[in-house]
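Biologist: I would like to learn how to read pockets and aromatic pairs in a structure. Please take them one at a time.

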Amino acid sequence: MALSIGKLAPTFSLASTSGSTLSSSKDLQGKSFILYFYPKDFTPGCTAEACEFRDQFEAFRELEIPVFGISRDSIESHLKFKAAHKLPFELLSDPDGKVCKAYDALIPLIKMPKRVTYLIDESGKIAGVFSEMFESKGHINAMLKKLKK
């Protein structure tokens, strides 16, 4: 079960494909943003989801909403994945799965991230959530619809 709307989003600091560490409490304070959790780089469903975010990225940019993808893959894997699919947003590495767990985005027995997307508002609260595991395009459409209200 994903975290509920209105709940304060857990803070985090994770290594980013930008080469720095992204801290939600420092770098994203007072900003709305999208966090999408996904199982693994280069798998068919995750590639389709990343490419859908890429293809819709301009809509998020126009709304000034940064997008961040999170999985347990290494930065090295993320950099290859980002380059291979020309992703215009940052990928964050959560190797120990602590952030995935804090966002209830970790499948317990296999410790792999599940597909869930969160919209965090400027006050740091969850403003939107989409957690349909097998519907990657739905995540993007649901977030854009929520943002355009």
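Modeller: A pocket is an open set of grid points with protein on both sides within 12 Å along at least five of seven lines. Rolling a probe the size of a water molecule over the atoms shows where empty space is left. This is a predicted model, and its largest pocket holds about 210 Å³ of space.

Biologist: Which residues are closest to the centre of the largest pocket?

Modeller: They are Thr11, Ser24, Ser25, Gln29 and Gly124, out of 17 lining residues. By class, that lining has seven nonpolar, seven polar and three charged residues.

Biologist: How many aromatic pairs does the structure hold?

Modeller: There are 13 aromatic pairs. A pair of aromatic rings is described by the distance of the centres and the angle of the planes. Phe37 and Tyr103 are 5.3 Å apart, centre to centre, with 35° between the planes, and this pair is tilted.

Biologist: What parts does the pair of Phe37 and Tyr103 tie together?

Modeller: Phe37 lies in strand β3 and Tyr103 in the loop between α5 and β6, so the pair ties together parts that are 66 residues apart in sequence. Both Phe37 and Tyr103 are buried.

Biologist: Why does the pair of Tyr38 and Phe81 count as stacked?

Modeller: Planes under 30 degrees apart count as stacked. The planes of Tyr38 and Phe81 are at 25°, with ring centres 6.1 Å apart, so this pair is stacked. Tyr38 lies in the loop between β3 and α2, and Phe81 in helix α4, so parts 43 residues apart in sequence are tied together.

Biologist: Are Tyr38 and Phe81 buried or exposed?

Modeller: Tyr38 is buried, with a relative accessible area of 0%, and Phe81 is buried with a value of 0%. Ring pairs link Tyr38 and Phe81 into a cluster whose members include Tyr36, Phe42 and Phe89.

Methods
Residues are numbered from 1 along each chain as its sequence is written. This is a predicted model: local features need pLDDT of at least 70, side-chain atom pairs count only at pLDDT 80 or more; totals for chains, interfaces and linings use all residues. Side-chain values use heavy atoms; hydrogens and water are left out. On a 1 Å grid over the protein atoms alone, a cavity is a set of points where a 1.4 Å probe fits but cannot get out, and a pocket is an open set with protein on both sides within 12 Å along at least five of seven lines; lining residues have an atom within 4 Å of a point. Grid points are joined across faces, edges and corners, and a volume is the space filled by probe spheres set on the points. Ala, Val, Leu, Ile, Met, Phe, Trp, Tyr, Cys and Pro count as nonpolar, Asp, Glu, Lys and Arg as charged, and the others, Gly among them, as polar. Rings of Phe, Tyr and Trp (its six-membered ring) pair if their centres lie within 6.5 Å; planes under 30 degrees apart count as stacked, over 60 as edge-to-face and the rest as tilted. Helices (H or I, at least four residues) and strands (E, at least two) are DSSP runs, numbered from the N terminus. Buried means under 20% relative accessible area, exposed over 50%, partly exposed in between (1.4 Å probe, protein chains only).
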